[in-house]
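Let's take a friendly walk through a protein model together. Keep the sequence and the 3D view open, and look for each residue as it comes up.

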Amino acid sequence: MVLAAGRGNRMRPLTDHTPKPLLPVRGKPLMLWPMEALQAGGFRRVVVNTAWLGEQIAEQLGAWAAEHPQAELVFSHEEEDFGYALETAGGIARALPSLGEVFWVLAGDVYAPDFLFAHDSVARFTASAALAHLWLVPNPDHNPGGDFGLSAEGLALNEAPERFTYSTIGLFRRALFEAPWCDILPGNPQGTAAPLAPLLRAAIAGGLVSAELHTGRWTDVGTPERLRELE
């Protein structure tokens, strides 16, 4: 699942007329970098949620899919369905009927060209008892305190002397978005908007989230300044 529903307020005025995942980065729309990496890894079916200017994303990806016949796109148009974005957990819960028991989740506004979406990673995660597996990155200047620690055994930690930043790339089990971890109704028919962090922190406290460090290139394209630096 590629998350592409955000308003991108910090990127204004660039996002007043263009959704952030479609802003050009090094010659192509930002979200096409992970879309093509998923295809290269053999993950053909991609669910994309939209809200702000979602019709532009559907049009752009429709044209892209026409040039990539192996790709299968499924859209979850939150703005059309509810009039607002559902945040991360709410958006995933809404799209859950279109997702498998195990699935990737990544943000459409993060540039990580060195990341490899590998079936070996999926196989290891599927064989584990974890509800999620997160890729962490060294802390950027805008998040010096990090998000999660990493134990010697490869578990994510809520509290640790050294913490890293969540890259927004992870593998998830659908059970994390069902009872007892998540109280959103299946398929989120009520349009509940909810963040992902509380679910993750609860599962981490139960020792059910694994993690590893990604040291390749990574940029959260969150401001016009970061976009210019990346260019």
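In β4, Thr50 is the bridge partner of Ala4. This bridge belongs to the pairing of strand β1 (residues 2-4) with strand β4 (residues 45-50), which is parallel and has three bridges. Two strands pair if DSSP finds at least two bridges between them. Helices (H or I, at least four residues) and strands (E, at least two) are DSSP runs, numbered from the N terminus.

Before going on, a word on where this comes from: the model is predicted, local features need pLDDT of at least 70, side-chain atom pairs count only at pLDDT 80 or more, and totals for chains, interfaces and linings use all residues. Residues are numbered from 1 along each chain as its sequence is written, and side-chain values use heavy atoms, with hydrogens and water left out.

## The whole protein

Seven helices and 13 strands make up the secondary structure of the protein. Its C-alpha atoms fill a box of roughly 45 × 40 × 30 Å along the principal axes. For 231 residues, a compact globule would have a radius of gyration near 17 Å, and the protein agrees with its 17 Å. That radius is taken over C-alpha atoms, and the globule rule is 2.2 Å times the number of residues to the power 0.38.

How much of the protein is buried? Buried residues make up 51% of the 231 residues. Here buried means under 20% relative accessible area, exposed means over 50%, and partly exposed lies in between (1.4 Å probe, protein chains only). Of the contacts with a separation of 6 or more, 75% are between residues 24 or more positions apart; a contact means heavy atoms within 4.5 Å.

## The seven-stranded sheet

Which order do the strands of the open sheet follow? The seven strands run β5-β4-β1-β6-β11-β8-β12, with mixed pairing. At the edges stand β5 (72-77) and β12 (209-213); each has a single partner strand, so one side of each is left without a neighbour in the sheet. On average, neighbouring strands are turned by 25 degrees against each other, direction ignored. Axes are lines fitted to C-alpha atoms, for helices over the stretch in contact, and angles run from 0 to 180 degrees between N-to-C directions.

Now find strand β6 (residues 102-107). Five of its six residues are buried, so β6 is largely enclosed by the rest of the structure. With β1 it runs parallel, joined by two bridges, and Leu3 has Ala107 as its bridge partner in β6. With β11, strand β6 pairs in the antiparallel sense over four bridges; there, Val102 has Arg173 as its bridge partner in β11.

## Two buried isoleucines

Ile57 is found in helix α2 (residues 54-67). This residue is buried, with a relative accessible area of 0%. Leaving out residues up to four places away in sequence, Ile57 touches Ala4, Pro19, Pro21, Leu22, Met31, Val48, Thr50 and Phe75. Ala4 and Thr50 are the bridge partners we started with.

Ile204 has its place in helix α6. It is buried too, with a relative accessible area of 7%. Among the residues that Ile204 touches are Phe148, Ala156 and Val209, not counting residues up to four places away in sequence. Ile204 and Ala156 are 48 residues apart along the chain, and their C-alpha atoms are separated by 6.2 Å.

## Rings and charges

How many aromatic pairs does a search of the whole structure find? The search finds 11. Rings of Phe, Tyr and Trp (its six-membered ring) pair if their centres lie within 6.5 Å; planes under 30 degrees apart count as stacked, over 60 as edge-to-face and the rest as tilted. Trp33 and Tyr111 form an edge-to-face pair, 5.2 Å centre to centre with 85 degrees between the planes. The two residues are 78 residues apart, Trp33 in helix α1 (residues 32-40) and Tyr111 in strand β7 (residues 110-111). Trp33 counts as partly exposed at 23% relative accessibility, whereas Tyr111 is buried at 3%.

Arg173 lies over the face of Phe125, at 4.8 Å from the ring centre. A charge sits over a ring if NZ of Lys or CZ of Arg is within 6 Å of the ring centre and within 35 degrees of the ring normal.
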